[in-house]
Amino acid sequence: MGNGNGMGMEYGVLGMEFETEDKAYTFYNTYAFYFGFSVRKNTRDAADVKSHRAETRFECLARMKISCVSNGDMYRVIEFIPNHTHVTSSPSNTHLFRSHRKMSAINIAQAEMADRSGINPKETVEFMSRQAGGREHLGFIPLDYKNYLRTKRTREMKTGDTGGVLEYLQKKKLTDPNFFYAIQVDKEDLITNIFWVDARTMVDYDYFGDVVCFDTTFNKNKEGKPFAMFVGVNHHKQSVIFGAALLYDETAETFEWLFDIFAKTMSGKKPKSIFTDQDAAMAKALASEWPETTHRLCIWHIFQNAAKHLSHVFEKFDNFAKEFSNCVYDYEEEKEFIDAWKNMLEKYKLQDNEWLSILFNIKEKWALVYGRNTFSAEITTTQRSESLNRLVDDRRYEELKADFKASQSFPALSFPVKILKHAAIVYTHEVLKLFQKQLCRAHDCTVNYLGDTSTTVRKYGVIPHAQEYHRTVIFDMENNNISCSCRKFEFAGILCSHVLKVLSLHNIKSIPTQYILKRWTKDVKSDSVKISPIATTVNDPKGDIIKRYRELRRLHVQLATRASESSEAYEIALSGFNNTLAKVDDILRGITTKENSQAMLPTTNNLEEPSVVVPIHGDNGNVRGIKIKEKEVGVSSKRPQSGLET
């Protein structure tokens, strides 16, 4: 090959012919890689480039020039200058030159798989470099990988274009017939809001939708659009997703649409409790759409705002944080809470603090004294949404593993008493840990008999270890009904240590049936679906059809999800479907009128049905694009972190 500058090759290259320009370029670029320099094609006009790269030319005359042969089928080298006027690179650095960096088809396949699996670019490039035997052998640098991903995502979903979004939703609909999405458009037929769920989320909501966390503050896209999630907790105390939405803004009108479409998707079922951040628009929408649902505020956000508005108080007084926390969590009676609040304001001279005054006016939404009678699965924060940046499939796989563990193993017990053994049989492992913790605390409680309220009902004062106050427990010996002033069972669904102490005193060796909450048990999904006919509406036969369709669809999803877990269950379900379908056909054969025939299956123009476009204005479903929201200057797309989060 001659010396380091390629001397001696000139006469061997001149006259070489190539079928295409690309093949000629590849030849010269390979030669350049061997000798440690980069090449580029000569371009006549570079005035339109967005930004100019750093200059890498040194007025070097080294080049290979080709020309089209007269017949037009080949390209011939007509000039070749091997000499360089600059120092060429060492072999270990040659891979950094732009012309020698290219992602191969294999590289792209590996990169896309890693990206879909949620592996970040840095870890992906590091792994692929090790496979190649070092970065110098990889063929590209980390910047190339990031640029590829950016280009790929831009190509899939251009700004203002519905293509990527609608294509994704339509593909999901093809793979999951029970996948549901709703799109809201404005008067200009631009998409503003998108909501979607799949079959599994609807089934999970049916089991665990008594408590919902709703959060939009975690993440926003580059246009500042909030990503919203409906999240709950399953019987393993794991986060479970009920639905997701990409919103245009955070106005009351947007939230009203979202809460309305969510409830209709879930066959009208609304949660008992919902946790949100302190947002006036959300509060207004919930009061309008879900007035019967208890609205609680996320305690994490309360403390975040307290740190912002009362920073001078936290810094000056060491005990303020504890007293503020006591007002949030500790009191059982409203009068105790109000007295403690007033004392705190007087002690720290905060009677005129505007933020605390506003907070007190909505005390029913955050002080636990007002929430003890409403089941909340012992949730106090929407921070569960924070941990859901992993894939939905990952969350479901974690539940699958927990179900397997619960069915195939028996947890180690701290002490083998009968009531704990009973709890281990019925509860999942995670809930058992919570029950066991209460049972341990019960061992150290002190009991005082306070008298009888009737011939079978006794009253006790139970004093927790190292505490001066007592909890009042009332026990009916006739039917084992029991209650505690702490009301832990009412809002957490697990018996408290005070109740367990009294049950032990009365030699009760198992958990009374009425205090085993089904949603915390191993077999929460084992019972047959309870089906009851829906009520009909006078003079609205089409509305009745839609209601029946929604209810049957929900039950079908439950059955299909359960039956798919084993081949035997699948065969039973398939046989049942065929038998039921035959009977239904027999009944409907007599229906021949056009009106009834059209009413057999609801159309996708109805709000309640899958794949529907829901316009705000107008009556057509032809969308023109996604409505772009300009990102506010200085607004971060992620929630700020604070030491108070711990």
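**A friendly note on this model**

1. Let us start with a cysteine. The sulfur of cysteine 298 has its closest cysteine sulfur in cysteine 213, at 7.9 Å, which is too far for a bond. Please keep in mind as you read that this is a predicted model. Cysteine 298 is also buried, with a relative accessible area of 1%. Now take cysteine 484: its nearest cysteine sulfur belongs to cysteine 486 and is 3.5 Å away, and cysteine 484 is in no disulfide. The cut-off applied here is 2.5 Å between sulfur atoms. Cysteine 484 has a relative accessibility of 9% and therefore counts as buried. How many disulfides does the count come to? The count comes to 0. As a reminder, a disulfide is a covalent bond between the sulfur atoms of two cysteines.

2. Next, a look at the backbone. Most residues other than glycine have a negative phi. Serine 267 has a positive phi, near 55°, and is not a glycine. You will find serine 267 in the loop between α8 (252-265) and β9 (273-276), and with a relative accessible area of 21% it is partly exposed. Asparagine 507 also has a positive phi, of about 60°, without being a glycine. Its place is the loop between α19 (497-505) and α20 (541-563). Is asparagine 507 buried or exposed? Its relative accessibility is 52%, so asparagine 507 counts as exposed.

3. Now try another loop residue. Serine 376 belongs to the loop between α14 (354-361) and α15 (392-408). This serine is buried, with a relative accessible area of 8%; the reason is that anything under 20% is called buried. Which residues does serine 376 touch, leaving aside its neighbours within four places in sequence? They are Val211, Phe275 and Phe491. Serine 376 also shows how a fold can be read in two ways: valine 233 is 143 residues from it in sequence, while their C-alpha atoms are 9.9 Å apart in space.

4. Spanning residues 418-426, α16 has Ile419, Leu420, Ala423, Ala424 and Val426 buried. These buried residues pack against α17 (429-443) and α19. When you look at the spacing of residues along a helix, remember that an α-helix has 3.6 residues a turn, so residues three or four places apart point the same way.

5. The aromatic rings deserve a tour of their own. A pair of rings is described by the distance of the centres and the angle of the planes. The structure holds 36 aromatic pairs. In one of them, the rings of phenylalanine 18 and phenylalanine 27 have centres 5.4 Å apart and planes at 40°, so this pair is tilted. Phenylalanine 18 is buried at 9% relative accessibility, whereas phenylalanine 27 is partly exposed, with a relative accessible area of 25%. Phenylalanine 214 and phenylalanine 230 make another tilted pair, with ring centres 4.8 Å apart and planes at 35°. This second pair links distant parts of the chain: phenylalanine 214 is in strand β6 (residues 211-215) and phenylalanine 230 in strand β7 (residues 227-233), 16 residues apart. Phenylalanine 214 and phenylalanine 230 are both buried.

6. Rings can also gather in groups or meet a charge. One aromatic cluster includes Phe303, Phe314, Phe317, Trp341, Tyr348, Phe360 and Tyr370. Over the ring of phenylalanine 360 sits the charged end of lysine 363, 4.4 Å from the ring centre. Elsewhere, arginine 519 lies over the face of tryptophan 520, with a distance of 4.6 Å to the ring centre.

7. In what order do the strands of the open sheet of 3 strands run? The order is β1-β3-β2, and the pairing is antiparallel. At the edges stand β1 (17-18) and β2 (63-68), each with a single partner strand, so one side of each has no neighbour in the sheet. β1 pairs with strand β3 (residues 75-81) over 2 bridges, in the antiparallel sense. Opposite glutamate 17 you will see arginine 76 of β3. Helix α2 (residues 21-35) lies across β1, β2 and β3, and runs at about 165° to β2.

Methods: Residues numbered from 1 in each chain as written. Predicted model: local features only at pLDDT ≥ 70, side-chain atom pairs only at ≥ 80, totals over all residues. Heavy atoms only, no water. Helix = DSSP H or I, 4+ residues; strand = E, 2+ residues; numbered from the N terminus. Buried < 20%, exposed > 50% of the residue type's maximum accessible area, 1.4 Å probe, protein only. Contact = heavy atoms within 4.5 Å. Phe/Tyr/Trp six-rings, centres within 6.5 Å; stacked < 30°, edge-to-face > 60°. Lys NZ or Arg CZ within 6 Å of the ring centre and 35° of its normal. Pairing = 2+ DSSP bridges. Axes fitted to C-alpha atoms, helices over the stretch in contact; angles between N-to-C directions.
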